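Please open the structure in your viewer and keep the sequence at hand.

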Amino acid sequence: MSVTSFSMKFQLNCLALILILVSSYYSVTAQTRKTTRKPVPATTQKKTEPEQKPEEEPLIPEGGIPTPPPRIPSLGEPVGTIVLLPLDDRPACEQFAKMIGSIGEQLVISPPADLLGRFTTPGNPERIREWLGEPSLETRRKLSTGGENPAASPIDYSKVNALVVSVDMLVYGGLIASRTNETKLNDALERLEFFRWFRKAYPNIPVYAFSTIMRVAPTASKSTRLWRNDLERWSELSDRAEKSKDPNLATELSELTKKLGRHTIDEYMGARRRNLQVNLALLKLYEEKIIDTLMFLQDDARDLQAEPL
């Protein structure tokens, strides 16, 4: 069995195990409580006094059903390691993945929290690349002039089974940052070169990458509250008005364009065009077998929205 097929089966097994463990724990626990009550023994002797029945254990103990203990790997330690660059710092993106990995006896490691940013504060792509082991531009310059090689990555890739990378974090600094036009196209494409470096440095480690197709609405924040809904409507109308040929929609679109101003619209469309070019570059990396598995995820999709996707 190849490493790639093993990794794919591992992911499916992890999801199945979660459902099995959770459902079996509560059903078996309740069934055990039902079937382990002591029956009242039958007797033919003359009863001199009413027989005392043992107290029944309640189905749900006081304080609720206890949380099942964490599963401990049979060997006492993880049998493999997966390196994860998450979409952002939310528990669903990082903590849950580590919990799923532990079910399959896999240690899931990810960058320190200070590299991942928080909400509207983006992560640090350059420091993330260094954490993953790629020498920075400054390091390469020092080495070319005879300088000392700084401390290596904290990751021991000899024990790593797979690398899972959020392209949004690697290139922009996270999901929220991918919806803005802060990262320019040239910088974004240069950061994708990490995959070429990694494939050359570790040719036997499978690489899984995923990228998000930008949604219609900008992120809800204090800085976007005055024009966010208008821009969302503008994006929808820019597609609907053209397809429907409805003059009323065309008029509304024209009015919104004037209200929003060219700068706001250009920044919005600039982010969409940049993201499209990054996703096209990812397809090329996949075709060249630099990336083993590539997934595109649609963020809050709609039937009608501004091009390009």
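Begin by selecting phenylalanine 194 and phenylalanine 198, which lie four residues apart in helix α9 (residues 193–201) and are therefore separated by about one helical turn. Helices here are DSSP runs of H or I with at least four residues, strands are runs of E with at least two, and both are numbered from the N terminus. The model is a predicted one, in which local features need pLDDT of at least 70 and side-chain atom pairs count only at pLDDT 80 or more, while totals for chains, interfaces and linings use all residues. Residues are numbered from 1 along each chain as its sequence is written, and side-chain values use heavy atoms, with hydrogens and water left out.

**First stop: the aromatic rings**

A pair of aromatic rings is described by the distance of the centres and the angle of the planes. Rings of Phe, Tyr and Trp (its six-membered ring) pair if their centres lie within 6.5 Å; planes under 30 degrees apart count as stacked, over 60 as edge-to-face and the rest as tilted. The structure holds nine such pairs. In phenylalanine 194 and phenylalanine 198 the ring centres are 5.9 Å apart and the planes stand at 35°, so this pair is tilted. Are these two residues buried or exposed? Both phenylalanine 194 and phenylalanine 198 are buried, where buried means under 20% relative accessible area, exposed over 50% and partly exposed in between (1.4 Å probe, protein chains only).

Phenylalanine 198 has a relative accessible area of 0%, whereas tyrosine 202, at 27%, counts as partly exposed. Now extend the selection to Tyr157, Phe194, Phe195, Trp197, Phe198 and Tyr202, which ring pairs link into a cluster.

**Second stop: the salt bridges**

A salt bridge is a side-chain nitrogen of Lys or Arg within 4 Å of a carboxyl oxygen of Asp or Glu. By this rule the model contains 17 salt bridges.

Select aspartate 89 and arginine 118, whose side chains meet in a salt bridge of 3.3 Å from N to O. This pair links distant parts of the chain, 29 residues apart: aspartate 89 is in the loop between β1 (80–85) and α2 (95–103), and arginine 118 is in the loop between α3 (113–116) and α4 (125–131). Aspartate 89 is partly exposed at 23% relative accessibility, while arginine 118 is exposed at 63%.

Move on to arginine 233 and glutamate 252, where the closest N and O atoms of the salt bridge are 2.9 Å apart. Which helices does this pair link? Arginine 233 belongs to helix α10 (residues 228–244) and glutamate 252 to helix α11 (residues 247–260).

Remain in helix α10 and select aspartate 239 and lysine 243, which lie four residues apart, about one turn of the helix. Their salt bridge has its closest N and O atoms 3.2 Å apart. Aspartate 239 is buried, at 9% relative accessibility, but lysine 243 is exposed, at 59%.

Finally, select Glu126, Arg129, Glu134, Glu190 and Arg191, which are linked in a network of salt bridges.

**Last stop: the whole chain**

Clear the selection and view the complete chain, which has 12 helices and five strands. Of its 309 residues, 38% count as buried.
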